[in-house]
Amino acid sequence: MHEFSVTKSLVDLCIQEAEKNNFKKVYKINLKIGKFTGFSPDSILFYFDYLKPNTRCSDAEIIFTEVPIRIKCRACGKENVIDEPILVCPDCGRAEIEILSGREFYIESIEGE
Amino acid sequence: MKEVKVLKPVLVSNKQRAQENRKKFDEMNALVINIISSPGAGKTTFIHRLIEDLKDSYKTLVIEGDIKGQVDSQRLADEGVDVIQINTETECHLDAFMTAQVLPQIKGRYDLVLIENVGNLVCPAEFEIGEDFKLAILSTPEGDDKPFKYPLLFHLARAVVINKIDLLPYVDFDLDNAKRHIKNNNPKAEIFEVSAKTGQGFEEFCRFLKKLLDARKKKNKD
């Protein structure tokens, strides 16, 4: 349910950026979404269809790129990509983990004219 | 068609507003805790007990976030606690904008601001509201696998309170398992076993909090 306000922020930000770049229409929103966030692409799309009419984003689609959870172990120095956010080093089993990626949630670019 | 780089977090405006909220709390020199748990974990009872234990030395304000109604804030106000209500209406979390709207209602200075977020283990973790840190509350009847199922909150929380510890003999809750899940998400998390009903474990939690409160007071004097 929290995707409503998140999608509202997304649309607002796209409209601001479209105005800044003199785009009358946005056709593509390239969105990076980390696997260690609580946002669901399906819910974002659902609210996007509700929010986009009569804005510069009315004909836009969102292209999601998932960012994997990449961790680095401070103990053994190894880097790994993990499927679940269980922050333990798969190599040495220690929990001194630094998260290198997976918490992203940002607009990489917009395409339009 | 042209492509332009944006490279901005979607929640950039929330983050900026959270920083402005933070400034307002800094002016009071208040320690601000964003308290997050599932519904029924005992946030309000925990807050009430905590205020009772701290009231001789620290002035506390509660900001109470609920989807609807004033049940919890009324309960606290009846006990003489200073409380401000936010009703989120449709939203399942507090965000920085909702929090900003009630800041003008704060009269006077407080040492501690406890923000009781909407009961939900998922969404509130994503939104900063101007807090010093997030406190996760987990209660024993909920099951020891919650930190495994809702990793983000437990990853971000500085401290985790395991509440209703007095019910341990009656519920199926593996304390070691819960702690293992919490530590796997967040090795630095400080874990406290308490019962807001009986007061068990509050001494230790208060010691932890007083250290932070005194550090903040000292910062003010300097």
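Predicted model: local features only at pLDDT ≥ 70, side-chain atom pairs only at ≥ 80, totals over all residues.

Mentor: In general, side chains of opposite charge can pair when their charged atoms come close.

Lys149(B) and Asp145(B) meet through their side chains in a salt bridge with an N to O distance of 3.4 Å. Asp145(B) is partly exposed, its relative accessible area being 27%. Another salt bridge is formed by Lys179(B) and Glu193(B), whose closest N and O atoms are 2.6 Å apart. That pair links distant parts of the chain: Lys179(B) lies in helix α7 (residues 175–185) of chain B and Glu193(B) in strand β8 (residues 190–193) of chain B, 14 residues apart. Both ends are partly exposed, with a relative accessible area of 27% for Lys179(B) and 30% for Glu193(B). Returning to the pair we began with, Arg22(B) and Asp26(B) are joined with Asp132(B) and Arg216(B) into one network by salt bridges that share partners. Over all chains, a search of the whole structure finds 20 salt bridges.

Part of chain B also carries a record. An unreviewed UniProt entry places the feature "domain: CobW/HypB/UreG nucleotide-binding" at residues 32–192 of chain B. Over this stretch the chain is 30% helix and 24% strand.

Next comes the place where the two chains meet. How many residues of chain B are in contact with chain A? There are 29 of them, and they touch 35 residues of chain A. About 2,800 Å² is buried between chain B and chain A, and carbon and sulfur atoms give 65% of that area. Two salt bridges are found across this interface. Glu126(B) and Arg103(A) form a salt bridge too, with the closest N and O atoms 3.7 Å apart.

Four strands make up an open sheet with mixed pairing, in the order β2(A)-β1(A)-β6(A)-β1(B). At its edges stand β2 (61–67) of chain A and β1 (2–9) of chain B; each has a single partner strand, so one side of each is left without a neighbour in the sheet. On average, neighbouring strands of this sheet are turned by 20 degrees against each other, direction ignored. As a general point, strands of a sheet pair through backbone hydrogen bonds, either parallel or antiparallel. Here strand β1 (residues 26–34) of chain A pairs with strand β6 (residues 105–112) of chain A in the antiparallel sense, over seven bridges. Within β1 and β6 of chain A, Ile29(A) stands opposite Ile110(A). Helix α1 (residues 3–20) of chain A lies across β1, β2 and β6 of chain A together with β1 of chain B. This helix runs at about 45 degrees to β6(A).

Which residues does UniProt list for "binding site" in an unreviewed entry? The entry gives Cys73(A), Cys76(A), Cys89(A) and Cys92(A). These are spread over 20 residues of sequence, yet they cluster in space, with a largest C-alpha distance of 8.5 Å.

Cys73(A) is found in strand β3 (residues 69–73) of chain A, whereas Cys89(A) is in the loop between β4 (79–82) and β5 (97–101) of chain A. Both are buried, with a relative accessibility of 2% for Cys73(A) and 3% for Cys89(A). Leaving aside neighbours within four places in sequence, Cys73(A) is in contact with Lys78(A), Cys89(A), Cys92(A), Arg94(A), Glu96(A) and Ile97(A). Not counting residues up to four places away in sequence, Cys89(A) touches Cys73(A), Cys76(A), Asn80(A), Arg94(A) and Ile97(A).

Technical notes. Residues numbered from 1 in each chain as written. Chains lettered and ligands numbered in written order. Heavy atoms only, no water. UniProt positions renumbered as here; feature names shortened; annotations may be inferred. Helix = DSSP H or I, 4+ residues; strand = E, 2+ residues; numbered from the N terminus. Buried < 20%, exposed > 50% of the residue type's maximum accessible area, 1.4 Å probe, protein only. Contact = heavy atoms within 4.5 Å. Pairing = 2+ DSSP bridges. Axes fitted to C-alpha atoms, helices over the stretch in contact; angles between N-to-C directions. Buried area = accessible area lost by both parts, 1.4 Å probe. Salt bridge = Lys/Arg side-chain N within 4 Å of Asp/Glu carboxyl O.
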